[in-house]
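Subject: Structure for your review

Dear colleague,

I am passing on the structure we spoke about, and below it you will find my notes. Please read them alongside the coordinates.

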Amino acid sequence: MMDNVKDKIIVITGASSGNGEAAARHLAERGAVVVLAARREDRINALRDELIAAGYRAQALPTDVADKVQVRQTVDAVVEEYGRIDVIINNAGVMPLAPLEQLKTDEWDHMIDVNLKGTLYGIAAALPHMQRQKSGHIINVSSVYGHKMGPDATVYCATKFAVRALSEGLRQEVKPYNIRTTIISPGLVATELLDHISDTTIQAQTREFATQVAIPPDSFARMVAFAINEPENVDVNEILFRPTAQP
Ligand code: NDP
């Protein structure tokens, strides 16, 4: 069986929980070097220690993706240590759902800073290295909500539509550099994403639905690994998946 995951140097933002954590475990088990980037240092350190104890290769670099200097420093540190960066998974994200009319402008800013600017900062940090290498893979995490609007999710959807738009533009621009680009658009996955919804009614409603249909983050991990594992001349542009029971 062909293996294009083993020995790859893979930076994963938002690796401290949920989809990012699951992807880190799966990719490490498949022989990649995983670099765990998130703000909760205790969580990424614990995951790094667990993976290393199991015989895998992992490093933890505390990073706030809303800070472009920190993102660049993380990626530069990886290239300094390993000589290259093969994949960056711009996965960090937040989803504080609320109707627009509640005017939670701080939450709007937060979503734009993490989901949109954080993805752009990941691209900005990795792209110069990948252009020089003439190889690389940029994976951006959008959502089913990057394809359709959902209730109380206007700003979240706007960020995820934007992630798809910029990923497609990136795909068209980086062809001369042999860089692959993939959008992963999940549906409802059981993670900590709902924990930060400040409106308690919306949180309870969303949780109830999620309890019924959400799928485990392992699916996300396998989707990411599939895109990476394809041969370098195959660019998996987008993977859209959701629980079978999700409309
Ligand atoms: P989690 O809440 O479990 O994980 C979110 C991750 O993002 C955490 O590791 C968190 O780490 C990180 N993060 C948040 N803010 C920042 C920041 N400023 N800097 C660095 N890292 C940050 O949720 P998911 O695993 O579900 O979310 C991962 C991605 O999947 C998101 O982009 C989300 O939009 C997307 N997605 C999820 C779906 C779902 O149903 N779960 C559906 C569709 C898309 P820390 O707090 O330690 O910084």
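Which residues have the most contacts inside the largest nonpolar core? In this predicted model, they are Ile10, Val11, Ile12, Val34, Leu36 and Val224, within a core of 66 residues. Helix 4 (residues 105-133) supplies the largest share of this core, namely seven residues.

Leaving aside residues up to four places away in sequence, Ile10 touches Leu27, Ala32, Val33, Val34, Val35, Asp86, Val87 and Ile89. The sheet is open and has seven strands in the order 3-2-1-4-5-6-7, paired in parallel. Because strand 3 (57-60) and strand 7 (238-241) stand at the edges with a single partner strand each, one side of each is left without a neighbour in the sheet. From one strand to the next, the twist averages 15 degrees.

Strand 1 (residues 9-13) pairs with strand 4 (residues 87-90) in the parallel sense over three bridges, and Val87 in strand 4 is the bridge partner of Ile10. Helix 1 packs on the sheet, where it touches strands 1, 2, 3, 4 and 6, and its direction makes about 165 degrees with that of strand 1. Helix 7 (residues 218-229) also packs on the sheet, touching strands 4, 5, 6 and 7, with its direction at about 160 degrees to that of strand 6.

As for the ligand, 29 residues lie around it, of which Gly14, Gly18, Arg39, Arg40 and Gly93 come nearest. This shell divides into twelve nonpolar, twelve polar and five charged residues, and helix 1 (residues 18-29) gives the most to it, with three residues.

Best regards

Technical notes. Residues numbered from 1 in each chain as written. Predicted model: local features only at pLDDT ≥ 70, side-chain atom pairs only at ≥ 80, totals over all residues. Near = placed C-beta within 6 Å. Helix = DSSP H or I, 4+ residues; strand = E, 2+ residues; numbered from the N terminus. Nonpolar A, V, L, I, M, F, W, Y, C, P; charged D, E, K, R; others polar. Core = buried A, V, L, I, M, F, W, Y, C linked by C-beta atoms within 7 Å. Buried ≥ 20, exposed ≤ 12 C-beta atoms within 10 Å, placed from the backbone. Contact = placed C-beta atoms within 7 Å. Pairing = 2+ DSSP bridges. Axes fitted to C-alpha atoms, helices over the stretch in contact; angles between N-to-C directions.
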